[in-house]
Every structure is written in structure tokens, then in C-alpha cells.
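Please read them with the coordinates open.

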Amino acid sequence: MALTISNLRSRGLVWLRRWSKKEWAIAMGVFTITLFALALIPDSFTEPLYTPSHPLDSTADVVDVTLLHKAKPRGALCLDGSVPAYHFQKGFGSGSANWLLHIEGGGWCNSVASCSLRKKTALGSSNYMEPRVRFSGILSADPSQNPDFFNWNKVKIRYCDGASFAGHSDNELKTGDELFFRGQLIWEVVMDELLSLGLSRAKQALLSGCSAGGLATLIHCDDFHKLLPEVGTVKCLADAGFFLNEKDVLGNLTMRSFYHDVLTLQGVAKSLPKECVAMPEPSEAGSCLFPHQIIKNINTPVFLVNPAYDFWQIQHILIPDSSDPHGYWQKCRRNIHNCSPSQIEILHGFRDSLLRALSDFQRNKDGGVFINSCFAHCQTWMAETWHSASSPRINIKTIAESVGDWYFNRRVVKQVDCPYPCNPTCIHMDFP
């Protein structure tokens, strides 16, 4: 099955018609995926991006934004100096004392120029954030879509710092621009706010995140657990957040170089494992942002959801634009069905690298994995990929069922798919 990315601007002309729940889920997924694809490349933010309006009267799963005004006196600010934000849906029934937090994704900025462009979008400023968003997938209140967490207190934390909530203000005066690198402080202030709303009295808690939000989840997983010392079960779920420190097809360490720039610009090292950032070689510092380094030091149980053929990683780590000047990979990067046999072999090699990077983690008795062979990125927050009749499965289990089995200790979950194209349940993205 394929999800096709059509022209978002033409869709904007019909915002006001009543779309079905499935159409809106796909549209929002497409929009967020587009943000992910754009966020790594500074020149891609050449105009403001928008989010389609919602048919707000069609579902109870549309949640208002909360602007965290009390963050301003503490200096916890988005890139542009606006206050951070979140969306909160109160739990009910048996889930009223349980909490699920989900950190929004959206790439990173690695230079003054890219951060300056980013601060003119919802990924760098609450001034551009839509006032209401739909909760679906892992955030849904529909038990048929979200069987284990539907009635929990649920929070979507908006992402506006460009460094996975790990930036520090050390370099702000050196940039020559009005940029605020306060990601770590935003995290702390948002946690204080949620603790005051009832998180401190939780019985069970799950911190989750997608893409750059998945990386933020790994960075802050143990911090989250320490905030809840009396809570019975605290675990973390990173969706499409296990980025690989791999060479691209030309042999360049493009992603490591990019991460090094993010780390240096935003002072991220203070939020990373001290054992890693203390390495003697400065050129290695960028590697400390990669999850295979971070996860070595996490004591809290973690579940990793990742497609073995993560299209974002294929398009930005394995085959960035700079590594394909003649367009040999152009069709393959957009649709895995268009890849030649030799290209598929290279993609299989990328999958092998993922499995090698996870080999130690797989032996962790408290950890869980769901690695499917789909050309996808972020699969927990859309019903189509989280839990529906057509969702991707491994051994007949959806992602939602696998995460639930792991969280509630119903069974050990180490789900690793066979190589592409073996899984007919996959939903593959198709970029025209």
C-alpha cells in the first residue's frame, strides 16, 4: 500500500469541506512528513509553511493549544522569543491517573541562517502554530484506534527550538541575530507545568516522540523518570528517532557533520551523556547526538519503533542531495518500488547497519523493538499506521498492540521484520 503526497497547495483550496477522519489523518501525516523532509535543509524554508484547517465540529479528538506564558519570566523561549506551547486532553475512567506525553518532531537547524528561517515557522515560533490540532494514533481517545492508551491524560508537546529540546543559551550572543537556544529550559518548564496539572500524581506514565521528538525522548528519558520517583511504571517510546551515523553513498559522513554543527551552535553537549562528549577528538562530538550513543546510558525501559527503510534517513543520511548530483537515485528516493536491484541492495545494507546498531539493545530484557520493512517515517501518531485494519504488522501484531504488550509486560516484544519487499502489510510513502 502507498500513501501519495499530492500538491498541498491545491488541497488548501478545499480546506473547508468536510473530510473523513482517514483523509485528515493522511493529510496531517503528509504535512508533518513534508516538514521533516524540509527541516534538515536550510534553503528549503524559503516561504512560510501552513497547516490545513480542521473540521473542528466533526470529532472530540481536536485539542486546543495552551501557550505557556509562565515560561517567559524563566527565559524558556522558542527560537524567535515566543513562548512554548502544548496541547492537553484530560484522561477519563480507568486512565484518569495515567499520562502519555508525545513530543512533536520536525528536524533541526544547524546554522544561524537555517534557524533564522525556522523561527518564521511553527517549528520555531508559537506565533505560527495552529490553535487546535487533531489527536490521532497513540493520542486518540478512540479505543478502536488506541486500545491501551485511549483514556489516558495525553499531551502533545510542540517543538520550537530546533535542537530536540537540548539547546543551551551559551552561544546566543555570538550569532549576531535574535535567536534563542533554550530547548533544555523549555523541556524543564513544560515538565513543571505538567507536574502541576497532575502528572506528579500519575500511576503510570509513557514519554513518546516522533523523529526529532523521538531523539528528544531518548535524551530526556531518564530525566522524565527522575521526575516521577513514586510512579509505578515509567517508560519511553521513540518513534523513527534512531538516526544512524552512516556514510552516504559517496562515503561522506554528512549527518555526523550536520549534528556536529547543531551541537556546536546550540550548546547541546550539556544535555548529552558526559562520557561521550568528554571524548578527546572534537571532530567526534557530533556522534554524541546519535541514539546509539545516547541509548547506552539510559536506565529507563525504552521501546524503539523504526522502519528499516526510513525514507527520511534514506533521503538525508544515505542519499542526501549532495551525494546524487546526476539524479541517479531520484526516483528511488521518492518511491522504494522504483529502486533498481542494485539500489535495493544498498538499501538492504542500510537496514543491516540499523540492525547492527541495535544488536546490544536487543539483548536488553526491558527494551522493546518494532522494526518493520516499510518505506515510512513516524508511524505511531497516525491511525493508519498505529492501529487499524490496514496497519503494518509483524507476526500479526500492529505497532499499537506490540507497544501495549511491552508497556504492560504482557510479553517480550522484539519484532524485527524480514527484508523488503516481504511484508505485504507495509504502508509505503510515495513522493511524486
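Which residues in α4 meet which residues in α5?

1. The residues concerned are Gln184, Trp187, Met191 and Leu195 in α4, which meet His220, Asp223, Phe224 and Leu227 in α5, where contact means heavy atoms within 4.5 Å. By class, this contact of α4 with α5 has five nonpolar, two polar and one charged residues; Ala, Val, Leu, Ile, Met, Phe, Trp, Tyr, Cys and Pro count as nonpolar, Asp, Glu, Lys and Arg as charged, and the others, Gly among them, as polar.

2. A word on provenance: this is a predicted model, in which local features need pLDDT of at least 70 and side-chain atom pairs count only at pLDDT 80 or more, while totals for chains, interfaces and linings use all residues. Residues are numbered from 1 along each chain as its sequence is written, and side-chain values use heavy atoms, with hydrogens and water left out.

3. On the geometry of this helix pair, the axes of α4 (residues 183–197) and α5 (residues 212–227) come within 12 Å and cross at roughly 30 degrees, the axes being lines fitted to C-alpha atoms over the stretch in contact, with angles running from 0 to 180 degrees between N-to-C directions. The two helices α4 and α5 are therefore roughly parallel to each other, a term for angles under 35 degrees.

4. Strand β6 (residues 153–157) has five of its five residues buried, so it is largely enclosed by the rest of the structure; buried means under 20% relative accessible area, exposed over 50%, and partly exposed in between, with a 1.4 Å probe and protein chains only. Asn153, Val155 and Ile157 are buried on one side of β6, and Lys154 and Lys156 are buried on the other. Helices (H or I, at least four residues) and strands (E, at least two) are DSSP runs, numbered from the N terminus.

5. As for the neighbours of β6, strand β3 (residues 85–89) pairs with β6 in the antiparallel sense over four bridges, whereas strand β4 (residues 98–103) pairs with β6 in the parallel sense over five bridges; two strands pair if DSSP finds at least two bridges between them. Within β6, Ile157 is the bridge partner of Tyr86, and Lys156 is that of His102.

6. His337 lies in the loop between α10 (330–334) and α11 (341–357) and is partly exposed, with a relative accessible area of 46%. Leaving aside residues up to four places away in sequence, His337 touches Tyr420 and His428. The C-alpha atoms of His337 and Pro421 are separated by 9.0 Å, although these residues are 84 apart along the chain.

Technical notes:
Angles under 35 degrees count as roughly parallel, over 145 as roughly antiparallel, 65 to 115 as roughly perpendicular and the rest as oblique.
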